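Have the model open as you read.

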Amino acid sequence: MLSHPRILIAEDESGIADTLQYVLRTDGFVPVWCATAEEAIAQFAAQPPALAILDVGLPDMNGFELFKRLQALNREQGGAEVPMLFLTARSDEIDRVVGLELGADDYVAKPFSPRELVARVRTILRRSGRGNGLPTASPAPVTPVAPVTPTAPAGGLSPSPFALDVERMQIRYYGRLLELSRYEYGLLRLLVQRPGRVFTRDELLELVWDDASESFDRTVDAHVKTLRAKLRAIAPEVEAIRTLRGTGYALNEELPSRL
């Protein structure tokens, strides 16, 4: 018989923890609540969960530091990587950005919908393959293309500042290698392949995310935000990704070929 996935919860507010435990247990998961980071580390070391939900504002340790500690512990144990989801305050947008940059799988802002949170947990577990008894979603692939290097496009336009290496899953911007998460890479790859083409949020979810039906528009927006920050770190004056309000995103076709 398949065991129910264990979900580690690091949350110091008992009311929120009670709600999390109730909705997860109702949906067939086994929640393990820890009110402190140290307790979460001990539980994780004793038995790694299928997924961890971490509050950013824990009393004894910053949630981001706990994330790093659990990742290190995971590596020491040599097991499969445990996916993690952050709980953040709705006003703290920077926390969400930092969490995604660290490599978290997703975030949920407080106050949150319990059903939405369970849907996100299920989506992450399907992607990671750690959800015993859950159906495994097949990745929705981006259309494959050959590796691309910067070349002068037709019509006399300047060469692209992006160099895409599909085999290595790497993208260079003005000659510098970008450190990208899985979904940041998928998003930027799609935009780079079709400069000027406007992709709606629904299209980006369908083409980049594993399970578009259980992902959310604001997940796309958050990943675009982290992408822009990484691009601006290299070229602060260049606006590489355009936002079309109410529609979606496109790669700017008129980027300078060099800085």
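Are Arg-120 and Glu-116 buried or exposed? Arg-120 is buried, and Glu-116 is too; buried means under 20% relative accessible area, exposed means over 50%, and partly exposed is in between (1.4 Å probe, protein chains only).

Before going further, a word on ground rules: this is a predicted model, where local features need pLDDT of at least 70 and side-chain atom pairs count only at pLDDT 80 or more, while totals for chains, interfaces and linings use all residues. Residues are numbered from 1 along each chain as its sequence is written, and side-chain values use heavy atoms, with hydrogens and water left out.

**Salt bridges**

A salt bridge here is a side-chain nitrogen of Lys or Arg within 4 Å of a carboxyl oxygen of Asp or Glu. That rule gives 10 salt bridges. Here are three of them:

| Pair | N to O distance |
|---|---|
| Arg-120 and Glu-116 | 2.9 Å |
| Arg-197 and Glu-203 | 2.8 Å |
| Arg-201 and Asp-221 | 2.8 Å |

What links Arg-201 and Asp-221 to the fold? Arg-201 lies in helix α7 (residues 201-208) and Asp-221 in helix α8 (residues 217-234), so their bridge ties together parts that are 20 residues apart in sequence. Arg-201 counts as buried because its relative accessibility is 18%, whereas Asp-221, at 26%, is partly exposed. Salt bridges with shared partners also join Asp-27, Arg-115 and Arg-122 into one network.

Back to the opening pair: Arg-120 and Glu-116 both sit in helix α5 (residues 114-128), four residues apart, or about one turn of the helix. Helices (H or I, at least four residues) and strands (E, at least two) are DSSP runs, numbered from the N terminus. As for Arg-197 and Glu-203, Arg-197 is partly exposed at 28% relative accessibility, and Glu-203 is partly exposed at 28%.

**A hairpin**

Strands β10 (residues 241-244) and β11 (residues 248-251) run antiparallel, joined by four bridges; two strands pair if DSSP finds at least two bridges between them. Ile-241 stands opposite Leu-251 in β11. The two strands, β10 and β11, form a hairpin with three residues between them, and Gly-246 in the turn has a positive phi of about 80°.

**The whole protein**

The protein has eight helices and 11 strands. Of its 259 residues, 47% count as buried. Taking contacts (heavy atoms within 4.5 Å) between residues at least 6 apart in sequence, 59% join residues at least 24 apart.
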